[in-house]
Amino acid sequence: MFNRLSIDSFTILMVSGLQFRTAARFADHYTLGLRAADALHLAICSDYGATLCTLDRRPSEAGPALGVKTLLL
């Protein structure tokens with residue numbers, strides 16, 4: 001079921017070395033309390049100009065401070 005949903009509904013984005021480096025920079029903002037995966041998702045959204053849609057308050061609040069659009073669901 002997830003595979004069908006992924007094919008029908010999601011756009012798969014490639015992850016680059018630059019995005020990993022951006023994520024490391026984002027994670028260096030210790031006051032934001034970002035976990036590594038959250039920082040990487042925000043870096044990918046930043047690079048692609050996408051909005052991070054999340055159920056997690058931490059990345060949704062950190063995004064705007066890093067210049068990334070977020071939407072808390």
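These legends walk through several views of one predicted model.

**Figure 1. The whole chain, from one end to the other.** Let's start with the overall picture of this predicted model. The protein chain holds four helices and two strands, and reading from the N terminus their order is α-α-α-β-α-β. The C-alpha trace spans about 40 × 30 × 20 Å along its principal axes. Of the 73 residues, 29% count as buried. The accessible surface comes to about 5200 Å², and 61% of that belongs to carbon and sulfur atoms. If you look at contacts between residues at least 6 apart in sequence, 32% of them join residues at least 24 apart.

**Figure 2. Two phenylalanine rings form a pair.** A pair of aromatic rings is described by the distance of the centres and the angle of the planes. Searching the whole structure turns up one aromatic pair. Its partners are phenylalanine 2 and phenylalanine 10, with 6.3 Å from centre to centre and 55° between the planes, so the pair counts as tilted rather than edge-to-face, a label kept for angles over 60 degrees. Phenylalanine 2 is exposed, at 56% relative accessible area, while phenylalanine 10 is partly exposed, at 43%.

Figure 3. Side chains of opposite charge can pair when their charged atoms come close. The protein chain carries 7 positive and 6 negative side chains, and a search of the whole structure finds three salt bridges. One of them joins arginine 4 to aspartate 8, at 3.2 Å from N to O. How far apart are arginine 4 and aspartate 8 in helix 1? They are four residues apart in this helix (residues 2-9), which means about one helical turn separates them. Aspartate 8 is exposed, with a relative accessibility of 54%.

Figure 4. Between arginine 35 and aspartate 38, the closest N and O atoms are 2.9 Å apart. Is aspartate 38 buried or exposed? Aspartate 38 is buried, because its relative accessible area of 12% falls under the 20% cut-off. Arginine 35, at 39%, is partly exposed.

**Figure 5. The other bridge of arginine 35 reaches across the chain.** In the salt bridge between arginine 35 and aspartate 56, the closest N and O atoms are 2.2 Å apart. This pair links distant parts of the chain, 21 residues apart. Arginine 35 sits in the loop between helix 2 (17-27) and helix 3 (36-48), and aspartate 56 in the loop between strand 1 (52-54) and helix 4 (57-65). Aspartate 56 is partly exposed, with 26% relative accessibility.

Definitions and conventions: Residues numbered from 1 in each chain as written. Predicted model: local features only at pLDDT ≥ 70, side-chain atom pairs only at ≥ 80, totals over all residues. Heavy atoms only, no water. Buried < 20%, exposed > 50% of the residue type's maximum accessible area, 1.4 Å probe, protein only. Contact = heavy atoms within 4.5 Å. Areas by Shrake-Rupley, 256 points an atom, 1.4 Å probe, with all protein chains shown as cover. Lys, Arg positive; Asp, Glu negative; His and termini not counted. Charge placed at Lys NZ, Arg CZ, Asp CG, Glu CD. Phe/Tyr/Trp six-rings, centres within 6.5 Å; stacked < 30°, edge-to-face > 60°. Salt bridge = Lys/Arg side-chain N within 4 Å of Asp/Glu carboxyl O.
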